[in-house]
Amino acid sequence: LDMPDGRFDLNTADLDIAEQGTIELWVKTRPAARVWWDQGWHYLLHFEPVQPGGTQLDLSLLCARLELTATLDGTPYPLTKGTNEVVGLNTGGLDNEAWHHLLVSWDLRGDRQYLWLLVDGKGVRGFFPRAFAPGAFSRIEIGNTPSDWDVPFLPLDGAIDELRITNTSVADRIAE
């Protein structure tokens, strides 16, 4: 991802990934940046809702902790506006010179909603009472803060490969 903005935007308005979906990609950060271990803030994914105030998903890395945040009617930072749910993983043990497989998945159907976050096949699942209305995403921004936010660049500072987006959640994939 070319610097200084280091962002890759993907138009997803025509994809059916509103109620459930999964995005997988391989990530390799610039070794000298030590992104997985540092005390900085880096932005990896932003799912922009088609409707303003709709459900959005964000994946960021803050102080060696990867966090997937679902937000309704607000922005995830600071967590003072709107409805937010967060699942997270510590990244301090990841190799800064290796490729890592990231998986983000969601299922917003039903009375119980789910988020999954995995790195190299290990991760967490969060669930919560129905809080988010499924809605389409207009784009996915990869590698930096959302382009329309008044926030400084917080780049991943690395490369991505083998990006895969599906309209099934982890739970449905396992059931298949």
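Student: How many bridges join strand 2 to strand 11?
Tutor: Seven bridges join strand 2 (residues 20–29) to strand 11, and the two run antiparallel. Strands here are DSSP runs of E with at least two residues, numbered from the N terminus, and two strands pair if DSSP finds at least two bridges between them. Before going on: this is a predicted model, where local features need pLDDT of at least 70 and side-chain atom pairs count only at pLDDT 80 or more, while totals for chains, interfaces and linings use all residues. Residues are numbered from 1 along each chain as its sequence is written, and side-chain values use heavy atoms, with hydrogens and water left out.

Student: What stands opposite Val27?
Tutor: Ile160 in strand 11.

Student: And what is the strand order in the sheet?
Tutor: The order is 9-8-7-2-11, an open sheet of five strands with antiparallel pairing. Strand 9 (122–129) and strand 11 (158–166) each have a single partner strand, so they stand at the edges with one side left without a neighbour in the sheet. On average, neighbouring strands of this sheet are turned by 15° against each other, direction ignored; the axes are lines fitted to C-alpha atoms, and angles run from 0 to 180 degrees between N-to-C directions.

Student: Over how many bridges do strand 8 and strand 9 pair?
Tutor: Eight, in the antiparallel sense. Trp116 stands opposite Arg125 in strand 9. The hairpin of these strands has two residues between them, and Asp120 takes a positive phi near 55° there.

Student: Switching to rings. How many aromatic pairs are there?
Tutor: Seven. Rings of Phe, Tyr and Trp (its six-membered ring) pair if their centres lie within 6.5 Å; planes under 30 degrees apart count as stacked, over 60 as edge-to-face and the rest as tilted. One of the pairs is Phe47 with Trp106, edge-to-face at 5.2 Å centre to centre and 70° between the planes. That pair links distant parts of the chain, with Phe47 in strand 3 (residues 41–49) and Trp106 in strand 7 (residues 100–107), 59 residues apart.

Student: Are those two buried or exposed?
Tutor: Phe47 and Trp106 are both buried. Buried means under 20% relative accessible area, exposed over 50%, and partly exposed in between (1.4 Å probe, protein chains only). Together with Phe137, Phe47 and Trp106 form one aromatic cluster.

Student: Why is the pair of Tyr114 and Trp116 stacked?
Tutor: Because the ring centres of Tyr114 and Trp116 are 5.6 Å apart and the planes are at 15°. Tyr114 counts as partly exposed at 22% relative accessibility, while Trp116, at 9%, counts as buried.

Student: Where is Leu108?
Tutor: Leu108 is in the loop between strand 7 and strand 8 (112–119). At 1% relative accessibility, Leu108 counts as buried. Leaving aside neighbours within four places in sequence, Leu108 is in contact (heavy atoms within 4.5 Å) with residues including Ala18, Thr55, Arg130 and Phe132. Gln20 is 88 residues from Leu108 along the chain, yet their C-alpha atoms are separated by 6.0 Å.

Student: Last topic. Which residues line the largest cavity?
Tutor: Leu25, Val27, Leu44, Leu45, Leu102, Ile142, Leu156 and Ile160. A cavity is a set of points on a 1 Å grid, over the protein atoms alone, where a 1.4 Å probe fits but cannot get out; lining residues have an atom within 4 Å of a point.

Student: What volume does the largest cavity have?
Tutor: About 40 Å³, where volume is the space filled by probe spheres set on the points, joined across faces, edges and corners. Strand 2 and strand 3 each supply at least two residues of the lining.

Definitions and conventions. Helix = DSSP H or I, 4+ residues; strand = E, 2+ residues; numbered from the N terminus. 1 Å grid on protein atoms, 1.4 Å probe; cavity = no way out; pocket = protein on both sides within 12 Å on 5 of 7 lines; lining within 4 Å.
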